[in-house]
Amino acid sequence: MGTALIYDEEMTKYKLLWVDPACKIEVPERLTVSHGALVRNGLTDRCICLPVREAVDAEILLVHSEEYLEAVKQTPHMTLEDLKEFTLQYGDVYFHPNIYHCAKLAVGSALQLVDSVLMGKVKNGMALVRPPGHHSMRSAANGFCVFNNVAIAAQYAKQKYGVKRILIVDWDIHHGQGVQYCFEDDPSVLYFSWHRYEHQKFWPNLKDSDYDIVGKGEGAGFNINVPWNKVGMENSDYLSVFCHLLLPIAYEFCPDLVLVCAGFDSAIGDPEGEMCATPDIFAHLTYLLMNLAEGKLCAVLEGGYNLTSLAQSVCQTVQTLLGDPLPPLTNLTGPCRSTLESLQCVRAAHRQHWSCLRHAVDLPTFEISTKRIKLSGEGNKDEAEVGEEQKSPEEKIWPEPPKRICPPVCSAVVLPDGVVCPDACERLSSSEDLGPHLLTLKNDFLKDADDGAVTALSRVFSLIDKMKNNEIRNGLALVGDAAMTMTCVVQYVAAEVDSRVFLVCVGNGNIPSHVIEDGKTLVVQIKDEDTEEQGSKYYVPVCLKKGCTDTSGFAQAMFSLLLPLGYQYNPSLVLLVRMPGSGVCDIMWQQLTGLLQSFAHGHTLVLLQEDDKACVGPTASILLGNPAPPLGQLPASLKEDAEAVERLRSRLQADWNLLLTTAPENG
Ligand SMILES: NCCCNCCCCCC(O)(O)C(F)(F)F
Ligand SMILES: [Zn+2]
């Protein structure tokens, strides 16, 4: 199934007709430049372009009042003076004779997207629309928004398709208060928004946008506000909030559909956001959300006012929806102090509502104490960066996102004769000659191994060579001895000068110490036996009491440990090994295989032990880019497991500061 793209130039045919400094940034070029970039990058040709349609009254009335709709219906016939007069009753928004028509098209575009995804015609999609929607309320236009496109899409999905749980992620730099108000008492819609706040000094200056506004009545816990109290936030800050807050809760919520209020004023160069996250971050945010709801994701454009970063961010988002390899995120320096304060506050505020936060030992026990957390001083982020601050948003410069080339082959496999090769995978023939290193390794490791093992290993090495040359994206091998193969692979790759292997080992089994010492391999091993050693910077033993069968403990380790470590390590290869008898369930294994493709351009090598051959199909499915099935709503993880993971994180966060979730006490 493909990716839908919805756009119509009719939505460019309205603009500001008078002087209003607050609204002048919302221009038609936002749409033409975004769509133009998609065309130029050959992305529109790869999408399924769906036609727009006008929303009908009944759909608009899912969120808005009759009187508001009736009032907006009058605007096409208004004179310029009447339009100005009409506009005065709302905040930071403007009307135009054609904006009602465009607003109906914007809603209709979002609904077309929801229809095509929920009818299974496409796997995901994006709608490029204006006017935006997330600020508009039941009876009021606001912040360039007339009808609340995404809120209507959510109500529409519930009513027409009986969707039980919907996650709305709003990564626009402004708080979508319109969405919040619409669903604040509705536990079937989880609304997540981060937004520039600066302790209520930033528009729309609402107390309702702070972290302690968690939803009302039945909806308590289903509204998550992450305030950015400083500007200059970077990729690390965004990733920290995803790993330590949004993803654990989103997996626990287990949505059937993900809607994204895709505003790109949270990108570097934007005059509204004044943040420093680069456009390629949206490739990762999109990908991380695609592992939910079996990939059913609808992204609807909201804000974004720097035409260069807007266009790049839109392309990054659509490329990920299309399944292209992710660009590695470099120099992740870790979250700033202000982010950690916000993160700690919002985790504390939601602790009672989400079991994934229940055992987090880093949280103050009482609500009030979050109010007293020492909030760092004024000004921009940590004083360290001096030079960059002088530049205005428009003067900011950043590297063009790297090209994301799809290798000619997606998944290659090495399987013993007699094991069927999964569809769409390429079987590596045995014609490969023995790798040059093999003869030495043969003496070191394979002394008494039979020829079968030697041949298999040579094929595994050629999988690695092909990934290095970007001939294949990922690989899977079913081998006689997974542990031995793992050791040889690490040795083989370590011979490369700038290689870094992220070795994720699921299940018991000992990792030879030489693998860990040279820093060229970061090992995370998730297992059940208790190990005496505490591990080291490059060896992270995650011991789960109930072992890998415990989905909650495993999931928590995945988000709060594996993802941050992987991002900060930025490996050139991911080696995922399923040790025999690990007990990990297939779906968790598939989720893990999916998430690990965030790294190394998706160059993942999976090693399975021969008697795990039943895993070949399910693993290959994920390597081919299919979404993992949902884990189901996750119960609380074991207290002792959660504490073990927390102890591990607190020990490691000195070396890996993407693991941080709280602001260190000292000044
Ligand atoms: N310096 C000018 C002040 C502008 N104040 C209003 C900002 C509205 C933001 C709208 C948006 O970006 O959130 C949307 F996604 F809705 F378009
Ligand atoms: Zn915005």
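Basis. I worked from a predicted model, in which local features need pLDDT of at least 70, side-chain atom pairs count only at pLDDT 80 or more, and totals for chains, interfaces and linings use all residues. Residues are numbered from 1 along each chain as its sequence is written, chains are lettered from A and ligands numbered from 1 in the order written, and side-chain values use heavy atoms, without hydrogens and water.

Zinc site. I looked up the donors (N, O and S atoms within 2.8 Å of the metal, or 3.2 Å for Na, K and Ca; water is not among the atoms, so sites may look incomplete), and found the zinc ion (ligand 2) coordinated by D172 (OD), D172 (OD), H174 (ND1) and D265 (OD) at 2.0 to 2.6 Å. Along the chain these donors follow the spacing D-x1-H-x90-D. H174 sits in the loop between β4 (166-170) and α8 (177-183), and D265 in the loop between β7 (257-262) and α10 (281-290), so the pair ties together parts 91 residues apart in sequence. I took helices (H or I, at least four residues) and strands (E, at least two) as DSSP runs, numbered from the N terminus.

Burial. With buried meaning under 20% relative accessible area, exposed over 50% and partly exposed in between (1.4 Å probe, protein chains only), H174 at 5% counts as buried, as does D265 at 0%.

Strand β4. I noted that I166, I168 and D170 point one way and L167 and V169 the other, all of them buried. Strands pair if DSSP finds at least two bridges between them; five bridges join β4 to β7 in parallel, with I166 opposite L257.
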